[in-house]
Amino acid sequence: MKRITIVAGARPNFVKVAPLIRAIEKADGASYLLVYAGREDDPTLEASIFDDLQMPRPDVFLGVDSTSLNEITSRVMAEFDALLDRQPTDVVIVVDDLASTMAAAIVTKKRGLKLAHLVAGTRSFDMNMPKEVNRLVIDALSDYLFTAGVKSNSVATREQAEGAGTYMVGNILMDTLRFNHQRLTPPSTINHQPSTYLVFTLNRKALLADEAKLQRLLEAMIQAADGTPIIAPLRGLAYDVVTSLNSKLSSLNIISSLPYLEFGWLTANAKGIITDSGNVAEEATFNGVPCITLNSYTEHQETVSVGSNVLVGEDPQRLAEEVSRMVKGEWKKCALPDRWDGRTAERIVQILMQ
């Protein structure tokens, strides 16, 4: 029996973990343990998330709750190490690039266990970003580097350690989107018809911290939208900051964050999306919805080179130009990148079982 331990560090990880669990459950001779780094009562884990994704709740909660990246790293290392004393495993899968992800990766290799990194090879090439350090460490330690696209595959292959293997398995986010596409639900609080509104999401702390810059971006976006309604489902700090700025603008329809299936319907049926989220940009490419990313880079270049995504950095003028094209229906042609076929989790499990 191949024992697989999956470590999720934050809510977005579960969207990528759900198809893995389904694939493991279908495989002969495999079992899994799902571990969450946070608390069982983590407020970011709304009650509906596991039902929406049709997946079980984590088997183990490490209970780590901190805003300090170094404290998160040390506490997850201690808790995960103790867990592996109680729950032996053959391979550990870590997802994305959080401090908790890196911590679990370090513990795994110190114990001489096989380590798999889901969504390997992503790079910003900015060492001032903590996540970039995490990515480098995790990829350097991993025995299995599972990549989502050609560029990531090239990076991972070039940097992989001796004895490791790089596999372009595709984008696992698409497994979840395809599985749930017919289950998406219109939000009860939204009355707009499909393709008549824009969606705005924001999460990046650096942008939220510079309120003057953020206000200029919001003003440019609203003016260029030219009366097209902008719905902004936000949570936590983003909700508070944008609500405060919107009191001066009064043009955004700010709502609380939505359950997964409702948010998926809202973005899939939008006229366009403005975001700083890589996951949201990937979903937009899958749905063929025009997308603007408030960043100068993306870890998934195929959303720009093949898909519907455009990068504008934090430049209000460029943002206004692209929003204007978006509302006028003058967007570029786009297509689905390679291996966005919904079989990524199946490929991963096949490789692990070999």
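A pocket, on a 1 Å grid over the protein atoms alone, is an open set of points where a 1.4 Å probe fits, with protein on both sides within 12 Å along at least five of seven lines; lining residues have an atom within 4 Å of a point. Grid points are joined across faces, edges and corners, and a volume is the space filled by probe spheres set on the points.

The model is predicted: local features need pLDDT of at least 70, side-chain atom pairs count only at pLDDT 80 or more, and totals for chains, interfaces and linings use all residues. Residues are numbered from 1 along each chain as its sequence is written, and side-chain values use heavy atoms, leaving out hydrogens and water.

**View A. The second largest pocket.** Its volume is about 310 Å³. Helices H1 (11-26), H7 (172-180) and H15 (344-353) each give two or more residues to the lining; helices here are DSSP runs (H or I, at least four residues), numbered from the N terminus. Of the 14 lining residues, Pro19, Ala23, Lys26, Ala345 and Glu346 lie nearest the centre.

**View B. Leu20 and the largest nonpolar core.** A nonpolar core is a set of buried Ala, Val, Leu, Ile, Met, Phe, Trp, Tyr and Cys residues joined through side-chain atoms within 4.5 Å, where buried means under 20% relative accessible area, exposed over 50% and partly exposed in between (1.4 Å probe, protein chains only). This core has 60 residues, and Leu20 is one of those that touch the most other members. H1 gives the most to the core, with eight residues. Look around Leu20 for its contacts (heavy atoms within 4.5 Å): not counting residues up to four places away in sequence, they include Ile6, Leu118 and Ile348.

**View C. Lys109 and its partner Asp143.** Lys109 sits in helix H4 (residues 99-110). With 26% relative accessibility, Lys109 counts as partly exposed. The side chains of Lys109 and Asp143 make a polar contact at 2.9 Å; such a contact is a pair of N or O atoms within 3.5 Å, and within protein one must be able to donate a hydrogen and the other to accept it, while residues adjacent in sequence count only if both atoms are side-chain atoms.

**View D. Helix H12 and its two ends.** Eight of the ten residues of H12 (residues 278-287) are buried, so this helix is largely enclosed by the rest of the structure. Val280 and Phe286 are among the buried ones. Just after H12, find Gly288, which takes a positive phi of about 70°.
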